[in-house]
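Dear colleague,

Please find below the structure that I am handing over to you. My notes on it follow directly after.

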Amino acid sequence: YEEILACGEEEYTGHTHTDACNETQLACGMEEHIHGDSCYIDTAADVEDPSAWDAQYRDIEWKDAWGEDLVTAALSQIGYKESTNNYTVAEEGSHKGYTRYGQFAVNAGMAEADIYADWDAMFVNFCMYYAGIQASGLFPGERDTAKWYDKFIQANETNQSFITSPEGYEPKAGDLIFFQKEDEETAFQMGIISSVNKEKNEIEVIEGNCGNEVRENKYDVNDASIHSYLKITALET
């Protein structure tokens, strides 16, 4: 609310403004309503320019090896969180925050790109781009993991040989990993294996959109949620 002069007169000798001259009106220009989540959205908050992403990788010495470079690109993103001020409200009431990965996808003209979409696949695409892998043309520009997976397999028969189930396979750093998870924002997800501990039968995976941030998580190689791997180094060879 703000106070405005209702009398329409300037203050002068013989006319001093009193409470009777003032009127209270809504500064927002809207009828009175109960504020919901959408009233607090700031669409300018946390928006990034691609030059900031370029600068983040400017001084990195790439190894010209797909697996190593993909891990390097992903490691620098750990800790990034989606915006809590710039968001959209989903039908069920949850907040979908702005991310640099959604912005990247929109800028790249990715199909169905959305700065507020679930972003585990867009995170992987972002890392592939900066690692120089996306330029190979082998990997689909899809924001949805299930569509990404299907499109990669359907591209040609050779691609299918680089996707493997977890049984009997020894994962390697730089491999892509696909999960089938329950009680998550999306059931089918993907990430980047950052390290492998053969002695403990454990892998570490860098994942986007994990608790609304980029995290490095540890899994047993026999974890039931692991669906398959994409053998990045073998594909490069």
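**Findings**

In this predicted model, the charged end of K181 is placed over the ring of F179, at 4.5 Å from the ring's centre.

The protein chain contains 7 helices and 10 strands. Of its 237 residues, 41% are buried. The accessible surface amounts to about 13,200 Å², and carbon and sulfur atoms account for 45% of that area.

An open sheet is built from 6 strands with antiparallel pairing, in the order β5-β10-β6-β7-β8-β9. Its edges are formed by β5 (163-164) and β9 (213-220), each of which pairs on one side only. Within the sheet, β7 (residues 188-197) and β8 (residues 202-210) run antiparallel and are joined by 5 bridges; V196 stands opposite I203 in β8. Helix α2 (residues 66-75) lies across β6 (176-180), β7, β8 and β9, at about 110 degrees to β7.

The whole structure holds 24 aromatic pairs. One of them is the edge-to-face pair of Y80 and W119, with 6.4 Å from centre to centre and 85 degrees between the planes. Y80 belongs to the loop between α2 and β3 (87-89), and W119 to the loop between α3 (100-107) and α4 (120-130); the two are 39 residues apart. Both Y80 and W119 are buried.

W119 also forms a stacked pair with Y101, at 5.2 Å centre to centre and 20 degrees between the planes. Because Y101 lies in helix α3 and W119 in the loop between α3 and α4, this pair ties together parts 18 residues apart in sequence. Y101 is likewise buried. Y80, Y101 and W119 belong to one aromatic cluster, whose members also include W53, F104 and Y130.

Yours sincerely

Notes. Residues are numbered from 1 along each chain as its sequence is written. This is a predicted model: local features need pLDDT of at least 70, side-chain atom pairs count only at pLDDT 80 or more; totals for chains, interfaces and linings use all residues. Side-chain values use heavy atoms; hydrogens and water are left out. Two strands pair if DSSP finds at least two bridges between them. Helices (H or I, at least four residues) and strands (E, at least two) are DSSP runs, numbered from the N terminus. Contact means heavy atoms within 4.5 Å. Axes are lines fitted to C-alpha atoms, for helices over the stretch in contact, and angles run from 0 to 180 degrees between N-to-C directions. Buried means under 20% relative accessible area, exposed over 50%, partly exposed in between (1.4 Å probe, protein chains only). Accessible areas come from the Shrake-Rupley method with a 1.4 Å probe; for residues, only the protein chains shown count as cover. Rings of Phe, Tyr and Trp (its six-membered ring) pair if their centres lie within 6.5 Å; planes under 30 degrees apart count as stacked, over 60 as edge-to-face and the rest as tilted. A charge sits over a ring if NZ of Lys or CZ of Arg is within 6 Å of the ring centre and within 35 degrees of the ring normal.
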